[in-house]
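Subject: Handover of a structure and notes on what it contains

Dear colleague,

Please find below the structure that I am passing on to you.

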Amino acid sequence: MAYIDDSRSIPAMAGEGRVEDYLALLKPRVMSLVVFTAFVGMLVAPGGINPVIGLVAIACIAIGAGASGALNMWYDADIDAVMSRTRNRPIPAGRISREEALAFGMVLSVFSVMLLGLATNWVAGGFLAFTIFFYAVIYTMWLKRSTPQNIVIGGAAGAFPPMVGWAAVTGTLSWESFALFLIIFLWTPPHFWALALYKQGDYGAAGIPMMPNVAGEASTKRQILAYSVVLAVSGLLPVWLGMSGWIYGAVAAITGLSFVWLAVRLWRAPDGADMRRAARALFTYSLSYLFVLFLGLLTDAVALRLGVI
């Protein structure tokens with residue numbers, strides 16, 4: 001498959017980027033979810049952490065996530081210029097040059113990793129470095145343009161933050177932290193494939209081998225349903241591992257069943273406008289799913305510590 005590389009046609013007006021353009025490079029909406037899941041990972045980890053050091057750790061994880069976003073936009077500027085939902089990003093719009101984005105991302109990467117390692121421990125710092133590398137190199141540079149499994153494997157990058165938060169507190173990783181990773185990892189394919197189902201034209205024009213463009217809509221809908229069922233079951237892992245109580249268990253059960261119900265609606269939807277509406281409904285719901293789930297885990301942890309439950 002031939003991929004678009006029209007980077008030479010992207011205007012680069014170095015030095016004309018505004019503060020908000022550099023903030024856009026950090027992908028703040030993605031960063032907010034990363035920060036929240038990392039914070040929950042820190043809070044539910046055994047032991048404790050000095051509040052000041054904890055804030056520094058969260059800031060480092062946020063900066064590292066932003067650095068990953070900047071490096072992703074640097075490398076993907078050619079395809080961002082083609083897709084309707086990304087063509088107004090700072091680089092394809094000509095407000096920031098690729099060179100500036102690369103330098104910005106690299107500086108933030110080194111700064112966040114070094115500061116996290118010095119402030120907490122080098123297990124957390126090293127894992128943050130690996131997370132940035134995985135997203136920028138393994139996913140963005142390799143998987144995204146080469147395989148329809150790009151989201152499945154590459155989704156690990158977005159699932160690492162709660163493990164980084166856990167490691168910042170404990171200096172180790174554990175099965176409990178892996179359970180938090182697994183939930184986000186399994187959420188990623190149905191989330192992005194639902195988006196790809198009603199944005200097939202964009203991905204096709206950009207030459208990105210997303211599952212609907214390669215395997216077809218019917219296969220993608222079946223895989224979304226399968227992942228949704230496994231996700232709903234995995235959402236209960238914190239209860240089975242003794243990390244949470246009935247508050248989180250109830251939230252996980254309700255949100256998981258809702259996710260599966262929407263996936264079934266999508267699976268049964270006929271092609272065309274009905275399918276696109278069902279895909280958009282699932283995608284929209286998935287945007288809040290992780291936040292609600294981790295908020296339930298956070299609420300449960302706080303209630304347990306206060307002795308409310």
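K27 counts as buried because its relative accessibility is 14%; here buried means under 20% relative accessible area, exposed means over 50%, and partly exposed lies in between, with a 1.4 Å probe and protein chains only. This residue is found in the loop between α1 (19–25) and α2 (28–44). Phi of K27 is near 50°, a positive value in a residue other than glycine.

Before you read further, please note that this is a predicted model, in which local features need pLDDT of at least 70, side-chain atom pairs count only at pLDDT 80 or more, and totals for chains, interfaces and linings use all residues. Residues are numbered from 1 along each chain as its sequence is written, and side-chain values use heavy atoms, with hydrogens and water left out.

The chain as a whole

The chain contains 16 helices and zero strands. Both are DSSP runs numbered from the N terminus, helices being H or I with at least four residues and strands being E with at least two. The radius of gyration of the chain is 20 Å, which agrees with the value near 19 Å that a compact globule of 309 residues would have; the radius is taken over C-alpha atoms, and the globule rule is 2.2 Å times the number of residues to the power 0.38. Along the principal axes, the C-alpha atoms fill a box of roughly 60 × 50 × 25 Å.

Of the 309 residues, 52% count as buried. The accessible surface of the chain is about 13,400 Å², and 69% of that surface belongs to carbon and sulfur atoms. Such areas come from the Shrake-Rupley method with a 1.4 Å probe, and for residues only the protein chains shown count as cover.

Among contacts between residues at least 6 apart in sequence, 75% join residues at least 24 apart, where contact means heavy atoms within 4.5 Å. As for charge, the chain has 20 positive and 16 negative side chains, and the centres of the two sets lie 7 Å apart. Lys and Arg count as positive and Asp and Glu as negative, while His and the chain ends are not counted; the place of a charge is NZ of Lys, CZ of Arg, CG of Asp or CD of Glu.

S286 and H191

What joins the side chains of H191 and S286? The two are linked by a polar contact of 2.7 Å, a term for a pair of N or O atoms within 3.5 Å; within protein, one must be able to donate a hydrogen and the other to accept it, and residues adjacent in sequence count only if both atoms are side-chain atoms.

S286 lies in helix α16 (residues 273–306), and H191 has its place in helix α10 (residues 175–198). S286 counts as buried because its relative accessibility is 0%, and H191 counts as buried at 6%. A polar atom of the S286 side chain also lies 2.6 Å from the backbone oxygen of F283.

Leaving aside residues up to four places away in sequence, S286 touches W187, H191 and F259. With neighbours within four places likewise set aside, H191 is in contact with F283, S286 and L287. The C-alpha atoms of H191 and A281 are separated by 11 Å, and these residues are 90 apart along the chain.

N121

N121 lies in the loop between α5 (98–119) and α6 (122–143). Is N121 buried or exposed? At 18% relative accessibility, N121 counts as buried. Its side chain reaches the backbone nitrogen of V123 at 3.2 Å, and a polar atom of that side chain lies 3.4 Å from the backbone oxygen of A168. Apart from neighbours within four places in sequence, N121 is in contact with L116, A167, A168 and G171.

Helix α15

I247 lies in helix α15, and V264 has its place in α15 (residues 246–268). I247 is buried, with a relative accessible area of 18%, whereas V264 is partly exposed at 26%. C-alpha to C-alpha, I247 is 7.6 Å from T299, a residue 52 apart in sequence. V264 and L225 are 6.3 Å apart in space by the C-alpha atoms and 39 residues apart in sequence.

With kind regards
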